[in-house]
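User: I would like to learn how to read a two-chain model, feature by feature. Can we go through one together?
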Amino acid sequence: MLFDKTKFTSKTVPLFVMVSPATAWLVLLIAIPLLYIFVISFCSTTESHNIAFSFTLKNYIKLFDRTILSIYWNSLSVSVLTAVFCVLIAYPFAYIMVKTSPLKRTLMMVGLMLPFWTNSLIRLYSWRTLLGRNGYVNDFLIYIGVINEPIEMMFTRSAVVLGMVYTLLPFMVLPIFAVIDKLDKTLIEASKDLGANFIKTFCYVILPLTAPGIFAGVIMVFIPSLGLFFVSDLMGGGNNQIIGNLISRQFKEAFNWPFGATLSIMLIAITIFLVRVYTKKGGKLDELGAV
Amino acid sequence: MRKGLVCLFLFFAGVGVFFTGCSGSASSEKESAGELNLFIWTEYMPASVLDAFERETGIKINMSTYSSNEDLLAKVKSGGDGIYDVVVPSDYMVKMMINEGLLLELDKTKLNNIENVEQAYLNRYYDLGNKFSIPYMGGVMAIAVNKTKIASPIASVSDLFGEEFRRNLVVLDDNRAIIGAVSKSLGYSLNPATDEEFEAIESKLLELKPNIKLRDSDSPKTAMLNGETAAGLMWSAEIAICMQESSNFTVVFPKEGCYVFMDNLTILKTAKNVENAEKFINFVLRPDISKMISDEYPYLNPNKAALPLLTDSYKNNPASNIAPEVFRNGEFVQDAGLKVEKYDELWTKFTK
């Protein structure tokens, strides 16, 4: 076949010009760093804290250390709790948002987004002021006589979950809002016409139809919550380590980039696994990326 | 409707980004006689000193900050040449950076103010003869005690294991400092060496675990001032601030000896503005400037010429004006080499 010049100028060149910056971006800033992480996860460190490029599996073996496993367990349970509480709060919130008037909907949206103008560290610090030993909540409860001694609310696992839910809630509300908004109302009417009460309609019609949104939200909450080490540091006082703490410490304190890389690879593996489950169940990748 | 909400979201996000951008670019208009890139600990160099330097010399300082020596090293090694000129590593990190060939040998003829530095703080193990570094500020890790909450006398780290401290301690989130302090309380060095020592430290450390309410390196004083905890292991300057705020607080220097540190002004070999860096270091060592720094951050000031100028609240506070014998009896932390993995394992068990 002869070289088709018109096709080259009209199709290939524009395509190349348009796509190559994005490709270069992806290759330079995502693919190469990831490859580097993968390579050094098989390396070890030298006495002067540099990376020794010699093949070893000891980092992967270390993953099965009892202490490391217990941190994984703790981190996963924090994430499960976070996802559950996010669904329980976000679902009614999104439902009301769809049902209410446009003005109230906008106000609810602004209310959800406005806190994002403030740095999340500052917002988490304010929980310390609220829930601390001599914080406002304890002061108030003592004042009205419910308790005599301050309750220890901060620096516990519950506080970590609270911080996670607080930080990640919008990521659950938005996908759920999207599916409820798209819900075909005639189906709900049909269900009602056939004599189902609200609870039955909800369980057999609304919930199955909105499940993809819940699942998308769970993925968008569950995965980041494995890595948000500053939430565990600020709310848990550093006593409730999650996977993110472990990784950040390998890079920042322990000079053990190879082991940090191994832990990151594990986190990526968990993420890929969950996204695979999601797509297998019929979820669309687009809905994870878009609002 | 959905599109509208997406737009709203993007608008809110965009406004945030827009204003962030504005504040950054407004100040870069000024005429300047060159630049200096300073990389220093957070909360360690008052803006007033930078302003004074800029007014006097016309040199513009770009300051960025780090919160651990390891962070500093990682950024210097991966950041590329000429990004930073002056960096302020602690003792053991000075040694590591010298070994890695990262520091520039100082030209003492241009740093005549080095004579202001007290002899006792010069010529230490990490840089004999101070070829590469000049002491900036230092301190020790000590015990902060809230006298209204703790009746029993505290003299050593081993006094912090009792029942009355259950969930009542704040400690630094620093594995070398806390493991080192426990090690010293057992009679070992701040830099434990043998496996038996590490085993003993491990069981002692896990005994301490239920007493720890939180670990915080950035501002452990807040937990003390809020009444969150009754005692804590933290840097002397943090305790000094607690004591300035309220007479309920007192400082205890553990009798087995303290973790001591000294942060040092150094110039990187890859620095682009060496001359400005020298000017700046000499400026910082001037007594009046050193006083400005001490007024804001009450660390141990090794500048003997500045001492007469310092306020009474510095001089009379044992946590800022640390007695020379406390510093002398203390120990510097040393690079652990391959043992960092051991430290990390201990710390992971301690914090899980």
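User: In which loop of chain A is Phe255(A) found?
Analyst: Keep in mind that this is a predicted model. Phe255(A) sits in the loop between helix 11 (243-252) and helix 12 (257-280) of chain A. Its phi is positive, about 55 degrees, although Phe255(A) is not a glycine.

User: Does Phe255(A) count as buried or exposed, and why?
Analyst: Count the C-beta atoms around the residue; 20 or more within 10 Å means buried. Phe255(A) has 26 C-beta neighbours inside 10 Å, so it counts as buried.

User: What is the phi of His49(A), and where is His49(A) found?
Analyst: His49(A) also has a positive phi in a residue other than glycine, near 65 degrees. His49(A) lies in the loop between strand 1 (44-45) and strand 2 (51-52) of chain A. With 21 C-beta neighbours inside 10 Å, His49(A) counts as buried because the cut-off is 20.

User: How do I read the overall form of chain A?
Analyst: Start with the elements, then turn to the extents. Chain A has 13 helices and two strands. Its C-alpha trace spans about 70 × 60 × 35 Å along the principal axes. Next, compare the radius of gyration with the globule rule. A compact globule of 291 residues would have a value near 19 Å, but chain A has 24 Å. Of those 291 residues, 33% count as buried.

User: What radius of gyration does chain B have, and what would a compact globule have?
Analyst: Chain B has 22 Å; a compact globule of 352 residues would be near 20 Å, which agrees. Its C-alpha trace spans about 70 × 60 × 45 Å along the principal axes. Chain B holds 13 helices and 10 strands. Buried residues make up 45% of its 352 residues.

User: How should I read contact range?
Analyst: Take contacts between residues at least 6 apart in sequence, then ask what share joins residues at least 24 apart. In chain A that share is 69%. In chain B that share is 76%.

User: Which domains does the assignment give for chain B?
Analyst: Domain 1 is 32-138 + 261-326, and domain 2 is 141-259 + 330-351. Their C-alpha centres lie 27 Å apart. The contact between them takes 18 residues from domain 1 of chain B and 19 residues from domain 2 of chain B. On the domain 1 side, helix 4 (residues 91-99) of chain B gives the largest share, four residues. By class, that side has 12 nonpolar, four polar and two charged residues.

User: Which residues have the most contacts inside the largest nonpolar core?
Analyst: They are Met141(B), Ala142(B), Ala144(B), Ile239(B) and Tyr259(B), in a core of 149 residues. The largest share of this core, 16 residues, comes from helix 7 (residues 157-182) of chain A. The core also draws at least three residues from each of domain 1 and domain 2 of chain B. Now zoom in on one member. Leaving aside neighbours within four places in sequence, Ala142(B) has contacts that include Ser236(B), Ile239(B), Val251(B) and Ala319(B).

User: How many residues of helix 5 of chain B are buried?
Analyst: Helix 5 (residues 175-185) of chain B has 11 of 11 residues buried, so it is largely enclosed by the rest of the structure. The buried set includes Arg176(B) and Lys184(B). Among the elements they pack against are strand 4 (134-146), helix 6 (195-208) and helix 13 of chain B. Just after helix 5 of chain B, Gly187(B) takes a positive phi of about 95 degrees.

User: How many residues of each chain are in contact across the interface?
Analyst: 32 residues of chain B are in contact with 28 residues of chain A. The largest share of the chain B side, seven residues, comes from helix 1 of chain B. By class, the chain B side divides into 10 nonpolar, nine polar and 13 charged.

User: Where in chain B does pLDDT stay under 50?
Analyst: It stays under 50 over residues 13-31 of chain B, where the model has two contacts beyond four places in sequence. Where pLDDT is low, the predicted coordinates should not be read in detail. For chain B the mean pLDDT is 90, and 91% of residues reach 70 or more. The model scores ipTM 0.86 and pTM 0.87.

Conventions
Residues numbered from 1 in each chain as written. Chains lettered and ligands numbered in written order. Predicted model: local features only at pLDDT ≥ 70, side-chain atom pairs only at ≥ 80, totals over all residues. Domains from an automatic or database assignment. Contact = placed C-beta atoms within 7 Å. Nonpolar A, V, L, I, M, F, W, Y, C, P; charged D, E, K, R; others polar. Rg over C-alpha atoms; globule rule 2.2 N^0.38 Å. Buried ≥ 20, exposed ≤ 12 C-beta atoms within 10 Å, placed from the backbone. pLDDT = per-residue confidence, 0-100. Core = buried A, V, L, I, M, F, W, Y, C linked by C-beta atoms within 7 Å.
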